[in-house]
Amino acid sequence: MITQSKKISAIQPYFFLNLQNKIDNLNRNGKEVIRLDIGSPDLPPPASVIDAFQSNIQKNDVHGYTSTKGPDVFRRAVASYYQKRFNVTLNPESEITPLLGSKEGIVNLHQIFIDPGDEILVPNPGYPSYEFAAMYAGGIPIPYDLDPQNGFQINLNRIMALITPRTKMLWINFPNNPTGSNIDLDTLQALVNLAIKHQFLIINDAPYTDVYFDTFMPPSILSVPNAREVAVEINSLSKTYHMAGWRIGMMCGHEDVIKSIRIIKSKVDNSTALPIFHAATTALNMDRTWLFERNQLMKNRRDIIVEYLKGISPYFAIPQAGYYLWAKIPSVFNSDFEFCEKALTQAGVSLTPGSIYGSNGKHFIRICICQPEETINIAVKRLKAWYS
Ligand SMILES: Cc1ncc(COP(=O)(O)O)c(C=O)c1O
């Protein structure tokens, strides 16, 4: 019999895989479901991005292996995006490298830097891949609480209390999935100071920095002086430019980390196809009008859910950025799983139970706004008819 390794057997299957099976079953039985669960964009990328892909895929010389560090034009486009968006100057040769999306960077960083027994600080609630990647590399994920009393923001004291000589990495994720919370530059500076003092790597996983709604513009950790001594930022085109299926992202910052990730990627994946790089380059070089219009559209969607939550949730925050609303469930429900199961089977609306993001997600749900306004309105009607 062929058995999985112990480390893999200890890992829970991805929630959305099982959910997909459940929804397929409901569909087979004639029940249609509106999905407000997974954060997969419902809209296409900008038309110029599709055009860039189409014109490039026709060429004869774009089908071979691409260099691990990606073409110069792509890295220069990332540098110019960081300059325009964050006023951060990056060296395209040594401080930027492409990824097959953020998730790939999350997993590979652990493979590079974690030895068995090393400790990795991960947010609770938090994106589950940090914990998975830590365990996959033989490390020990140490959850730190995002502070519910403080809108699920970072609480520095809680982080400081968890630092040990084995702390190797600290994961932060702002704008945050699942809570929608954010971070300011002073807190980023304090975290960078901690990382310098205790010599660990700090990573801001930031795929939602350009999906924001009001006046607040989410910052980059690389804006903090000295951040590059201890930090990298992972970003991607998945959410910002609706290119989740294209698998293209970037890691920026600490030069030695960039060097290491290129070495491991040269052994593992050989990077992505040139037409995808050219499409991504077009997206990053575009003026920001498309983003402003898209963000307005996402804000309208957010506001429909805000109105719904006002009627049922004892606590929720109005997110300033990202794809999600994070809300406490009414106390008549025993658990977030019960709420989501009933919403799915009785209202035909699929939501995500907060517990899959860690123990602090218990009694919370995450609602994603990746559906057209009309569909979100129908979902809200169904949810209200089921429970209000
Ligand atoms: C916080 C966070 N990081 C990373 C990812 C993965 O994004 P990508 O498509 O860039 O791999 C997601 C996707 O939902 C996410 O929410």
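## Surroundings of N182

Setting aside residues up to four places away in sequence, N182 touches F174, P175, F216, P218, Q320 and A321. Contact here requires the C-beta atoms of two residues, placed from the backbone, to lie within 7 Å. The model is a predicted one, in which local features need pLDDT of at least 70 and side-chain atom pairs count only at pLDDT 80 or more, while totals for chains, interfaces and linings use all residues. Residue numbers start from 1 along each chain as its sequence is written.

N182 sits in the loop between β5 (167-172) and α8 (185-198). Helices (H or I, at least four residues) and strands (E, at least two) are DSSP runs numbered from the N terminus. N182 is buried because 24 other C-beta atoms lie within 10 Å; the cut-off for buried is 20 or more other C-beta atoms within 10 Å of the residue's own, with C-beta atoms placed from the backbone. G151 is 31 residues from N182 along the chain, and their C-alpha atoms are 8.9 Å apart.

## Domains and their contact

The chain is assigned domain 1 (6-44 + 289-386) and domain 2 (59-285), with bounds taken from an automatic or database domain assignment. Taken over C-alpha atoms, the centres of domain 1 and domain 2 are 25 Å apart. Domain 1 puts 30 residues into the contact and domain 2 puts in 31 residues.

On the side of domain 1 that touches domain 2, α12 (289-312) and β9 (324-328) each supply at least two residues. α12 gives the most to that side, with five residues. By class, the side of domain 1 that touches domain 2 has 16 nonpolar, 10 polar and four charged residues. Nonpolar means Ala, Val, Leu, Ile, Met, Phe, Trp, Tyr, Cys and Pro; charged means Asp, Glu, Lys and Arg; the others, Gly among them, are polar.

## Largest nonpolar core

The largest nonpolar core has 106 residues, of which V78, I202 and A231 touch the most other members. Such a core is a set of buried Ala, Val, Leu, Ile, Met, Phe, Trp, Tyr and Cys residues joined through C-beta atoms within 7 Å. Helix α11 (residues 274-285) provides the largest share of this core, seven residues. This core lies between domain 1 and domain 2 because both give residues to it.

Apart from neighbours within four places in sequence, V78 is in contact with P92, I96, M250, C252 and L284.

## Ligand shell

Of the 13 residues around the ligand, G101, S102, K103, S236 and S238 come nearest. A residue counts as near if its C-beta atom, placed from the backbone, lies within 6 Å of the molecule. The shell has three nonpolar, eight polar and two charged residues.

Conventions. Buried ≥ 20, exposed ≤ 12 C-beta atoms within 10 Å, placed from the backbone.
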